[in-house]
Amino acid sequence: MDLSREELISKYKSKSVVGVEEVQIALAATPFLCREILKVENEVNDLKKRINHLKSQLKKTPPGKREGKRGNAKWLTEVDEDRNLLKNDFAGVFDTVSTKLATNSILTVFANIRSGFDTIFDFTKLDKIFTRRVIFHMKKVMYNFKQVGIGRIILVVNKDTKPLKAIFEEREMEYQLYTVESMEEAEAILATDARGFLKT
């Protein structure tokens, strides 16, 4: 007796039991059905592996937050995708190496921001102003900002770090540059649009 898979499905898909007269068919079909079940299970396992692989690929999105420390220097860069905002916090004393590491951290989150983004630099926790060698790496970040399409740069500074504004000033600025003394003032600027009106 040789029934195909389609014939078995057609004959028994709506039945929960078989009659005595069909016992021989059921016995003959059992090995075949076992092989079919194993085949389907293997296919399901392969598909599960593929799904898990695809999920892992989806998780490999660029980081939205990076932080680090070297010596007395600490830095934090974080993207707020909803507001298209890049926040940067620098604390301590930066030398050439720590500044390179910090600015590279900023570059790693660029894939999460869109053209016209705003950025905040909080320099109020710096213990020492940047040296000329350090400024090179900050200029590198500015170059990349312009490539993406920066909208507004907000610097949070105190009387000691206010001179850092010069790093971000250019003869022909295609972006808006603000200097404030607190994060509250920075947030107030973010709450307005480019014309100075409150965002709705």
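**Entry 1: the hairpin and the sheet**

How many residues lie between S1 and S2 in the hairpin that they form? I looked at the turn and found two residues between these strands. Gly71 is in the turn, and its phi is positive, at about 60°. I note that the model I am examining is a predicted one.

I then followed the pairing of S1 with S2. The two strands run antiparallel and are joined by six bridges. Within this pairing, Lys69 stands opposite Lys74 in S2.

Next I looked up the sheet as a whole. It is an open sheet of six strands, in the order S1-S2-S3-S4-S5-S6, and its pairing is mixed. Its edge strands are S1 (65-70) and S6 (176-180), each of which pairs on one side only. On average, neighbouring strands of this sheet are turned by 10° against each other, with direction ignored.

As background, I recorded that strands of a sheet pair through backbone hydrogen bonds, either parallel or antiparallel.

**Entry 2: from S2 to S3**

I moved on to S2 and S3, which run antiparallel and are joined by seven bridges. Here I found Glu78 opposite Lys87 in S3.

Asn84 is in the loop between S2 and S3. Its phi is near 50°, a positive value in a residue other than glycine. I set this beside a general rule: most residues other than glycine have a negative phi. Is Asn84 buried or exposed? The relative accessibility of Asn84 is 8%, so the residue counts as buried, the limit being under 20%.

H4 lies across S3, S4 and S5, and runs at about 160° to S4.

Lys140 is partly exposed, with a relative accessible area of 21%. Leaving aside neighbours within four places in sequence, I listed the contacts of Lys140 as Lys100, Thr103, Asn104 and Leu107. With Asn104 there is a polar contact between the two side chains, at 3.0 Å. Thr103 is 37 residues from Lys140 in sequence, yet their C-alpha atoms are 8.1 Å apart in space.

**Entry 3: the nonpolar cores**

How many residues does the largest nonpolar core have? I recorded 30 residues for this core. Those with the most contacts inside it are Phe90, Phe121, Phe123, Phe130, Phe145, Ile153 and Phe168. At least two residues of the core come from each of S2 (73-80), S3, H3, S4, H4, S5 and H5 (165-168). H4 supplies the largest share, five residues.

I took Phe121 as an example. Apart from neighbours within four places in sequence, Phe121 is in contact with several residues, among them Asn88, Ile106, Met138, Val141 and Val156. Its contacts also include Phe90, Phe145, Ile153 and Phe168. There is also a second, separate core of eight residues, including Ile120, Val180, Ala186 and Leu190.

**Entry 4: aromatic rings**

I turned to the aromatic side chains, noting first that a pair of rings is described by the distance of the centres and the angle of the planes. The count comes to 14 aromatic pairs. For Phe94 and Phe130, the ring centres are 5.9 Å apart and the planes stand at 85°, so this pair is edge-to-face. Phe94 lies in the loop between S3 (85-92) and H3 (96-108), whereas Phe130 lies in the loop between S4 (117-126) and H4 (132-148). The pair therefore ties together parts that are 36 residues apart in sequence.

I also checked the accessibility of the two residues. Phe94 counts as buried at 6% relative accessibility, and Phe130 counts as buried at 7%. Both belong to one aromatic cluster, which also includes Trp75, Phe110 and Phe117.

**Entry 5: an arginine in S5**

Finally, I looked up Arg152, which lies in S5 (residues 150-156). Arg152 has a relative accessibility of 5% and therefore counts as buried. What lies 3.0 Å from a polar atom of the side chain of Arg152? I found the backbone oxygen of Ile189 at that distance.

Key:
Residues are numbered from 1 along each chain as its sequence is written. This is a predicted model: local features need pLDDT of at least 70, side-chain atom pairs count only at pLDDT 80 or more; totals for chains, interfaces and linings use all residues. Side-chain values use heavy atoms; hydrogens and water are left out. Helices (H or I, at least four residues) and strands (E, at least two) are DSSP runs, numbered from the N terminus. Buried means under 20% relative accessible area, exposed over 50%, partly exposed in between (1.4 Å probe, protein chains only). A polar contact is a pair of N or O atoms within 3.5 Å; within protein, one must be able to donate a hydrogen and the other to accept it, and residues adjacent in sequence count only if both atoms are side-chain atoms. Rings of Phe, Tyr and Trp (its six-membered ring) pair if their centres lie within 6.5 Å; planes under 30 degrees apart count as stacked, over 60 as edge-to-face and the rest as tilted. Contact means heavy atoms within 4.5 Å. A nonpolar core is a set of buried Ala, Val, Leu, Ile, Met, Phe, Trp, Tyr and Cys residues joined through side-chain atoms within 4.5 Å. Two strands pair if DSSP finds at least two bridges between them. Axes are lines fitted to C-alpha atoms, for helices over the stretch in contact, and angles run from 0 to 180 degrees between N-to-C directions.
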